[in-house]
Amino acid sequence: MTDNACATKRSSDPDPAPVIGELRSLLGDRIKTDEDIRESHAGDASYHKPMLPDAVVFPECNGEVSKIVKLCARYRTPVVPYGTGTAVEGGIVAVRGGVCIDLSRMKRVLRIGEADLDATVEAGVTRKQLNRHLEEAFTGLYFPVDPGADASLGGMAATRASGSAAVGYGTMRENVLGLTAILADGSIIQAGGRARKSSAGYDLAHLFVGSEGTLGVITEVTLRLARVPDAVSAAVCAFPDISSAVDAVLEMTSAGIEMARIELLDDVQMGAINAYSGFDYRVAPTLFFEFHGSESSVAERVAAARPVADRHGGEDFRRANGQRERDRLWQARYDAYYASQTMRPGSVGYVTDVCVPVSRLADCIHRTKKELKASTLIAPLFGHVGDGNFHVVFLIDPDRPEELAEAREFGERIVEFALEMGGTCTGEHGIGMGKLAALEQEHGEGVKVMRAIKKALDPHNIMNPGKVVEI
């Protein structure tokens, strides 16, 4: 990243020197002001312009996070929580400078409840680290929420992440039982717990799930786990058009055929995957399936799904039963974003994310594809067809502002389509700094309630300012 690659904060923002001095006394060499460290924490995986924090700190426990936030509160210094930097809506961009709290050293698995199928982890633990720990401990359990990237579990809770397995296992909303958070005044609260249900007061845990660091810093998360299935089978099937693929999924789900994952990739995306990952799939709208369960139940589900696919014009139905074969198949799906970028070397991805009722998914995608024909940009489409969530990646030249303007205009139009069909402006990426207007468009007066909550918990607007709601 070049020196001028990061935008600078506003001149009216507080002088960071006093708080940095006190934090240095508290943390020693675990506060960094070197430009390379600040640059590495200035942006996420999105098109949003990076902005430098004034300092990056690396706490190792709840008490340290509390002390850091108390100091920032005293000096009205912005606080930006940081997990792995894999989000795509600018949620970690330091729009007012301030202190970036990198939680990567808080990576302990605190407790595994094998009998209760739950675990408590520090926020810096990533989903792959947790699953390796569960495997090495021979628990027979795993954490199923899979956004593709090896994101931190604190970050996944903060953005209410989901991914390809949401149709079978739910999102972070369903899989977070409780959490610990540090509020804007430095106080530490525990919200939720290990019980599978409660009617005790406000649901504070899920107020923080999806708050994107604007209400507090999530430092610990208690998660629901799943049992490792006895058998897993995956399949890929091409279809003549988007409607046929979506109709096949609707028939499968209405018939009660349980699937752990159902992914849809359009013909443009399949061409990119073939080139990037070395596959020879038909270049057509394609469904990726995965079935979990016992050996007999998985076999029954695959046997029931295939004739449904055939009735809707499905062709080239391929199964993958072995672990290596399944991993290679799903890695191709995870690499969809990077495969897209090879279609236009040097480009960056402007990624949209909307979600509609599944019965309206084909309509929404058709309308989107029709509009895309008029675009000058390359724009593959893929998504989680089982829950109505899809993405378009506009490949733009970062040095051509007119392309960013075109992508933004199309992104806004896609949001309008989704809202007209009873959907939402984002199914899993969050609001960040990129969808502030879309949130107002979707929720209207409801945003005033969100803003009131923000002001009540963070009266000086130091917690990740400029994200989710404007103050």
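The expected span of a helix is 1.5 Å times one less than its number of residues. The views below are taken from a predicted model.

**View 1. Helix H17, residues 446–457, and its buried side.** H17 has 12 residues, and its first and last C-alpha atoms lie 17 Å apart, close to the expected 16 Å. Val447, Arg451 and Lys454 are the buried residues of this helix. Seen down the axis of H17, these buried residues fall within an arc of 60 degrees, so they line one face of the helix. The face turned away from the buried side carries Lys448, Val449 and Ala456, which are exposed. Helix H16 (436–443) is included in what covers the buried residues of H17.

**View 2. Helix H11, residues 295–311, and the elements it packs against.** H11 has 17 residues and reaches 25 Å from its first C-alpha to its last, close to the 24 Å expected. Its buried residues are Ser297, Val298, Arg301, Val302, Ala305, Val308 and Ala309. Because these residues fall within an arc of 130 degrees when H11 is seen down its axis, they line one face of the helix. Gly313, which follows H11, has a positive phi, near 85 degrees.

**View 3. An open sheet of five strands.** The strand order is S5-S6-S10-S8-S9, and the pairing is antiparallel. Strands S5 (109–113) and S9 (188–192) stand at the edges with a single partner strand each, so one side of each has no neighbour in the sheet. Neighbouring strands are turned by 10 degrees against each other on average, direction ignored.

**View 4. The pairing of strands S8 and S9.** Strand S8 covers residues 176–182 and is joined to S9 by five bridges. The two strands run antiparallel. Leu179 stands opposite Ala191, a residue of S9. Strands of a sheet pair through backbone hydrogen bonds.

**View 5. Helix H4, residues 127–136, across the sheet strands.** H4 lies across S5, strand S6 (118–122) and strand S10 (217–224). The helix runs at about 50 degrees to S5.

Conventions
Residues are numbered from 1 along each chain as its sequence is written. This is a predicted model: local features need pLDDT of at least 70, side-chain atom pairs count only at pLDDT 80 or more; totals for chains, interfaces and linings use all residues. Side-chain values use heavy atoms; hydrogens and water are left out. Helices (H or I, at least four residues) and strands (E, at least two) are DSSP runs, numbered from the N terminus. Buried means under 20% relative accessible area, exposed over 50%, partly exposed in between (1.4 Å probe, protein chains only). The arc is that of the directions from the helix axis to the C-beta atoms. Contact means heavy atoms within 4.5 Å. Two strands pair if DSSP finds at least two bridges between them. Axes are lines fitted to C-alpha atoms, for helices over the stretch in contact, and angles run from 0 to 180 degrees between N-to-C directions.
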